[in-house]
Amino acid sequence: MSEDERRAGVGQMAADDGRRVSLLEQFMPRFDTRSQHAIEVHAAAQAVFTAVEAVTVKEVRCLRELEFIRALPGLAATGRLDVPTVDAPLVLSFTRGAVLLGARPPEEVLVGAIGCFWRLAGKVPVVFGSPEEFLTFTEPGFAKAVVGFHLNPRGAEILLTTETRFVATDDATRMLMSRYWRIIRPGSNLIRTEWLRAIRRRALRCPKATPAST
């Protein structure tokens, strides 16, 4: 197995210490960069998980403005404004080509995408038909991205964590993706923070949202 394949996670699984391996570790145990954010939610796990799946683009503050700014180069090049639909669930529209990789209600959910995220225009995503195709994809010139949510009960609250990971399929792409990530990371961090807050707001509005059992 090549070094690029090892970095892309092909055939790699986290060591099993007796606990179930997370979806994040199954699909991207090795990565070039990651970011993590968390929030406490005083609601039942199922209400929080449902909110993770249901929160829409329009519920996340600043997202539409940031996405509009990011889409401007594409608008200039193609005449099309490529931004997510406001009523679309964000977990499946955080970027073009996002696909559900796995879900374990009400514990965790993972989505992924493959593309040339650093391109200002013409960012056509790779279409893959199954989670296995995402896992084994190693074609040079692309980056793989995953966004996961994990719910951890803590007494009467749920600690909701989101983690974003990227891995490039070759060294040249890794350099491009690294530069791109340095530029967008402040905006990405803001989006993740507001995304979690939107999930909390929706979970707390749920009529059946009650504190998690101890």
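Helices α3 (45-54) and α6 (171-205) pack at an angle of about 125 degrees, and their axes lie 8 Å apart. Helices (H or I, at least four residues) and strands (E, at least two) are DSSP runs numbered from the N terminus. Axes are lines fitted to C-alpha atoms, for helices over the stretch in contact, and angles run from 0 to 180 degrees between N-to-C directions. α3 and α6 are therefore oblique to each other; angles under 35 degrees count as roughly parallel, over 145 as roughly antiparallel, 65 to 115 as roughly perpendicular and the rest as oblique. The contact (heavy atoms within 4.5 Å) is made by A47, V48, A51, V52 and A54 of α3 and by I199, R202 and A203 of α6. By class, seven of these residues are nonpolar, none is polar and one is charged. Here Ala, Val, Leu, Ile, Met, Phe, Trp, Tyr, Cys and Pro count as nonpolar, Asp, Glu, Lys and Arg as charged, and the others, Gly among them, as polar.

The model is predicted: local features need pLDDT of at least 70, side-chain atom pairs count only at pLDDT 80 or more, and totals for chains, interfaces and linings use all residues. Residues are numbered from 1 along each chain as its sequence is written, and side-chain values use heavy atoms, with hydrogens and water left out.

The protein has six helices and five strands, in the order α-α-β-α-α-β-β-α-β-β-α along the sequence. Of its 214 residues, 44% are buried, that is, under 20% relative accessible area, with exposed over 50% and partly exposed in between (1.4 Å probe, protein chains only).

The largest nonpolar core holds 54 residues, of which V48, F149, L160, W195 and I199 touch the most other members. Such a core is a set of buried Ala, Val, Leu, Ile, Met, Phe, Trp, Tyr and Cys residues joined through side-chain atoms within 4.5 Å. α6 gives the most to this core, with ten residues. Leaving aside neighbours within four places in sequence, W195 is in contact with V55, V60, L90, V91, F94, V147 and F149.

S35 lies in strand β1 and counts as buried because its relative accessibility is 2%. Beyond its neighbours within four places in sequence, S35 contacts T162, E163, T164, W181, R185 and N189. F117, in the loop between β3 and α5 (131-136), is also buried, with a relative accessible area of 10%. F117 and A145 are 28 residues apart in sequence, and their C-alpha atoms are 9.2 Å apart in space.
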